[in-house]
Amino acid sequence: VSSNQPPHYPSWSFSMGSAYQFHSWRVFVVVCALPCVSAVVALTFMPESPRFYLEMGKHDEAWMVLKHIHDTNMRARGEPERVFTVNRIKIPKQLDELVEMQNESANPAVKVLFKIKSELRGIWLTFMRCFNYPVKDNTIKLAAVWFTLSFGYYGLSVWFPDVIKHLQADEYASRVKIYNNERIEDFTFNFTLENQIHRNGVFLNDRFIGMKFKAVTFIDSSFLNCYFEDVSSVGSFFKNCTFVDSFFYNTDIDDAKLTNSRVINSSFHHNKTGCQMTFDDDYSAYWVYFVNFLGTLAVLPGNIVSALLMDKIGRLSMLGGSMVLSGISCFFLWFGTSESMMIFMLCLYNGLSISAWNSLDVVTTELYPTDRRGTGFGFCNAMCKLAAVLGNLIFGSLVGITKAIPILLASSVLVGGGLIGLRLPDTRANVLM
């Protein structure tokens, strides 16, 4: 969007020459990318799984990884170290061997096609094995828990900021100043007028110079022989007003802001174009980001608590309890009538729900055998993404309409998913063994 005025940026910014200007949102993107980059770097120091090494024919490397796992578990349980021995390892046949067995004289193109076909067939067979006994019931229950938790969490993440904006708008509107039948003559306005309504006013020989109208509405008012220079209007309108012998220079007052107004013997010169709103004008946007930051910060104690209590109270108790409590805390959003209460409930909800996410990751990993773990986890994650999309669409359509349906829907879905999670088999005993 073009503008004749220089863009306004917050003070915390820096530049690299004239070509690269790093302002607030670019710095924010860079900071958000750092954890991803750190994760990529950390992955280079992690060993591959023993199964991968065995499939690649690297038996010594697989043995070393298994020995490291064995020694770590012995130390964690406080038992004396033992000599690590392997009695039997079932080595999966490599795909290349299967291809050669299929057609030893195959040319490279046929071999590649057969390899792709074998890979796709293997993926499909592995996926279908997630719905075979004895993991079929677990797959269905896990998919339901992933779906409900994601639906409630991401749905509320879309709906909640709009609730904050509506509360701010209501509070802002409650402080509006109303002026009726005023008459101002030969006066210079060089300061900001904000959150005001002027009805049936008369402005005679007045000057509006280097000032801003912010959420100001003039209704049935008259401007006679007035001068407007370097004026910006944010959320301001002139309804049923009359301008006579007035002059406008370098302003953003145009037909869109002159609703049913009459302009008689007045002229507009060098009008401003583009959006004149700055970040300082839209304080609600800053506040929404800050509220989301507080909600994200509340995840930290939830992560610490789940890490400390995961093995003590059990995965299922943490999963089901966290989802049920999250649903209850979501229900109390219905009674939120102020920003502070809504922010507190958001922080409480985020702090409780993160324990469900953490325990669900652990339960999903432990419920599947090794040869189906990746596929089962991927299927559950696909259900999670589908629920996130549906949550955004459904809750987004309810934004600004009603808060009863989103709250009841999210609360019931979370509680239902938590009760399903409690029906999953407990895996803690197997891990301790």
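1. **Basis.** The model is predicted; local features need pLDDT of at least 70, side-chain atom pairs count only at pLDDT 80 or more, and totals for chains, interfaces and linings use all residues. Residues are numbered from 1 along each chain as its sequence is written, and side-chain values use heavy atoms, with hydrogens and water left out.

2. **Whole chain.** There are 13 helices and 17 strands. Both are DSSP runs numbered from the N terminus: helices are H or I with at least four residues, strands E with at least two. Of the 433 residues, 34% count as buried. Buried means under 20% relative accessible area, exposed over 50%, and partly exposed in between, with a 1.4 Å probe and protein chains only.

3. **Surface and contacts.** The chain's accessible surface comes to about 25,500 Å², and 62% of that belongs to carbon and sulfur atoms. Areas come from the Shrake-Rupley method with a 1.4 Å probe; for residues, only the protein chains shown count as cover. Contact means heavy atoms within 4.5 Å. Among contacts between residues at least 6 apart in sequence, 47% join residues at least 24 apart.

4. **Helix α3.** This helix covers residues 59–76. Its 18 residues should span 26 Å at 1.5 Å a residue, and the end C-alpha atoms are 26 Å apart, which agrees. The expected span is 1.5 Å times one less than the number of residues. Ala 62, Val 65, His 70, Asp 71 and Met 74 are buried in α3. Their cover includes α2 (50–55). After α3 comes Gly 78, with a positive phi near 70 degrees.

5. **Strand β9.** Six of the eight residues of β9 (residues 212–219) are buried, so the strand is largely enclosed by the rest of the structure. Two strands pair if DSSP finds at least two bridges between them. β6 (residues 193–199) runs parallel to β9, joined by six bridges; Leu 193 stands opposite Phe 213. β11 (residues 227–234) is also parallel to β9, with three bridges. There, Lys 214 faces Val 234. β12 (residues 237–239) pairs with β9 in the parallel sense over three bridges, and Phe 238 is the bridge partner of Phe 218.

6. **Ser 322.** What surrounds Ser 322? This residue belongs to helix α9 (residues 315–331). Ser 322 counts as buried because its relative accessibility is 6%. Not counting residues up to four places away in sequence, Ser 322 touches Ser 317, Leu 352, Ser 353, Ser 355 and Ala 356. A polar atom of the Ser 322 side chain lies 3.1 Å from the backbone nitrogen of Ala 356.

Technical notes:
A polar contact is a pair of N or O atoms within 3.5 Å; within protein, one must be able to donate a hydrogen and the other to accept it, and residues adjacent in sequence count only if both atoms are side-chain atoms.
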